[in-house]
Amino acid sequence: MEANQSSKSTFDWTDIDASYRFPTLFLAGKAVGWLLLGTIFSLIASIKMHAPGFLSSCSWVTYGTMMPAALNAIVYGFALQGAFAAMLWMTMRLGQVRLVAPGFLFIGTALWNLGVLIGVLGIMAGHSSGHAYLEMPGYALPFLFAAYGLIGGIALVTFHKRQVRELYPSQWFIFAALYWFPWIFSAASYLLVISPLRQVVQPVRGVAQSVVDAWYVSGLNVIVLGFAGLAILQYLIPKLVKRDLHNAYLSLFAFWMLLLFGSFSGILSSQALPSWVGSLSAVCSAFVAFAWLVIAYNLFVTFRGGATKSAGLGLRFMYCSLGSGLLVALLTAWASQEATSQVLQFSLFVPGLKWLYLHGFVGMGLLGGIYLFLPKVTGNDWKAQGQWTIIFMAYATGVILFSGALLVGGWKHGNMLINAENSFVEVLRSGILPFIRISTAGELLIVIAALLLWWNVMVMVCRTYCGCLLSMGGCGILAAGGSKQLPSKTNVKKKS
Amino acid sequence: MNQGSILFLSVFGAMALSWGGFVMLPQVQLGSQSTRVVKEIGRHYPAERGGLAERGRDIYRAAGCVSCHTQQVRQSGYEFDLVLTKAGDFTELVTSLVSQANTSLTPQETAAIVGNAPTTILEGVGKSEVDRVLHLFKDSGAKVAANIRPLGPDIERGWGPRQTVGLDYLFDQPVLLGSQRIGPDLVDVGSRLTDRKWHLLHLYHPHTVQEGSIMPAYPYLFETKKILSGPSSDALALEGDFSPPEGMEVVPTPEANALVDYLLSLRIQNPVFEAPYMFTQDQGSDDNNSQMEQPE
């Protein structure tokens, strides 16, 4: 399984990378754009906590619309889109295969972004569905389905056409994530968002909606985004330390655990739901945490035996990502226990975990991926290395402040809430506000990092387009979907 | 079989398992719930909300109130109050039984309890104590009722008389349980804050009624307009910093009124089978204690 660690071969990647050059720039460029927009939204929401009158005269930017708009922009615009980009690239690299139909990938990406844009605007216009992570209104969903049909389809066909038949662990994770997403997305949005609109079938009634939603959120987090992130980690960490993954079987074991238990973890028991939901979820969360420990151990041993001891920037991104993911898995398992969940259930701890996962684990992984992949794919180096150090520092500090304050504050908030002697105003004053202040500072840093990142990626995009236009001397390149212009070298090893 | 097919089949299997267990099963369990008659309130529960309140829920959803407010009350357990409802004819026997039931009573207190029934014998006791006392009074001619009192910080805060159960949300589309308490729980806010004017002021700007609140203001639900012939009857009574310019007044839009209707419709003041509690009808006749008789 480790045989196809691509670093070993003297394989010529130019052709493969080139087939993906423009699609990846498109995907990554859009993804960082959504990251910027999402973090700005969430900063606005955060500021509103300090000044109730701030921007209050417009219904589009009230706290209750900014928060879900930020979440959806970051989950669908940034995290998923970035994950698609990274998964496609790894599929091509590990399978030593050219991207199929890059033109359709362009269309898919454009549709996806259109869908997210419509969805986010719909939320702001007050058409949110009210279900967590599925707030986007029903009319945005057809675009997303069509887009995913193209993106996911291209990824699966590319996977199928791979030259290297043997599978590396990352490919298991990628395949499962790509396959899992359309299922849960269509099932949950059909049951929760679309069917109530049409009134044809009986909509899901009462709290069954919350169970379906929780199932979707867990599957999206642990399996779709989680597997994408884990695929990146298990692909890049061994590459960066120039050593094979310690033990592929450990990784497959964790894969199985996550696949079986990942779709129902992290649901804190609520008395409005059937009681088995909370208990079952506590068990699932424990298994997920165990799987994460296995993966972290596997990667840690890989690193320890590796050649590179001095951590480059890329490796630092990877460690932050791994650390955050592991921390979230452990904290989720801890918070799901009956006793702790009584304390933490409705506190700031819950958003703390959510953002640590999205920014700390997924975000760090994707930023590291962008940092390492884009120069390879485009053939251009980052102009401003120093800015990347700033991006890393700002993002890391921002995430620590932002989610750390919510996690620590959540403990206090929760403990104050379960003691009825603290009046609610007291809870507000000493259990919520001080921590929100710190987390707002963290968000500001994240916005700065996102802005710098966006700028750097845009510069890279422009340089690549210009470079290509100059060297090829024609704009027919762009029209042709950015792939056909490349001299179709047939040096892909045919070893089927 | 090649690796790709194994992978495909295993992922497919896991998916089917997850779908069946976590989506189909809850559907089967919860999908058949229907309204039922609650005898304490003498009607079907839950009832669909009226038209305006229904419209108000849309505004609640659109404004994203759910990101700060939950609508679910937790309860950590029960306590019972034991009440002598009828002393019966055998006063001496009952007096001795009462003193056995609560050994800390003085003879005078015991006599007062028996003489003035209905009176409370014991407060805040557990299930085993209830069983013991009910057993004592068996065949004594006296009647003892055990009133259930739900416990927990949410209930102590007055956020609701009992825990919420699935039944409470039967007609909610979407269900807005919420996951964060930046603000208080709202599932029973309609019986806690009954003043329409308060709600309107609070929505216009929370600082008009609650200093230091971090709830956003919703001025877009209101209209500031010129006073024409005389002040409108529904104009907000705004003072100080919040008062509109001279000759102007702030009136709620239909949306604001619908939202307040919805808030006022949020009530769980009735026991249900899954979450019983000692229910007192606060309006109406004098002998209004409809207790939960402990089934023998």
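How far is the sulfur of Cys68(B) from the closest cysteine sulfur? That distance is 8.6 Å, to Cys65(B), which is too far for a bond. Before going on, the ground rules. This is a predicted model, in which local features need pLDDT of at least 70, side-chain atom pairs count only at pLDDT 80 or more, and totals for chains, interfaces and linings use all residues. Residues are numbered from 1 along each chain as its sequence is written, chains are lettered from A and ligands numbered from 1 in the order in which they are written, and side-chain values use heavy atoms, with hydrogens and water left out.

Back to the cysteines. A disulfide is a covalent bond between the sulfur atoms of two cysteines. The test used here is a pair of cysteine sulfur atoms within 2.5 Å, and over all chains it gives 0 disulfides. In chain A, the sulfur of Cys466(A) has its closest cysteine sulfur in Cys462(A), 6.1 Å away, again too far for a bond. Cys466(A) is partly exposed, at 43% relative accessible area, while Cys68(B) is buried, at 11%. Buried means under 20% relative accessible area, exposed means over 50%, and partly exposed is in between, with a 1.4 Å probe and protein chains only.

Now chain A as a whole. It has 15 helices and 0 strands; these are DSSP runs, H or I of at least four residues for helices and E of at least two for strands, numbered from the N terminus. Of its 496 residues, 64% count as buried. Taking contacts (heavy atoms within 4.5 Å) with a separation of 6 or more, 83% are between residues 24 or more positions apart.

One backbone point in chain A is Leu55(A), with a positive phi near 50°. Leu55(A) sits in the loop between helix H2 (21–50) and helix H3 (63–95), and is partly exposed at 42%.

Why pick out such residues? Because most residues other than glycine have a negative phi, and most peptide bonds are trans.

Chain B has a positive phi as well, near 60°, at Asp139(B). That residue is in the loop between helix H5 (127–136) and strand S5 (143–151), and is exposed at 75%.

Chain B also has cis peptide bonds. One runs from Tyr45(B) to Pro46(B), with omega near -10°, and Pro46(B) lies in the loop between strand S2 (43–45) and helix H2 (51–62). Another joins Gln173(B) and Pro174(B), with omega about 0°; Pro174(B) is in the loop between helix H6 (153–156) and helix H7 (189–192).
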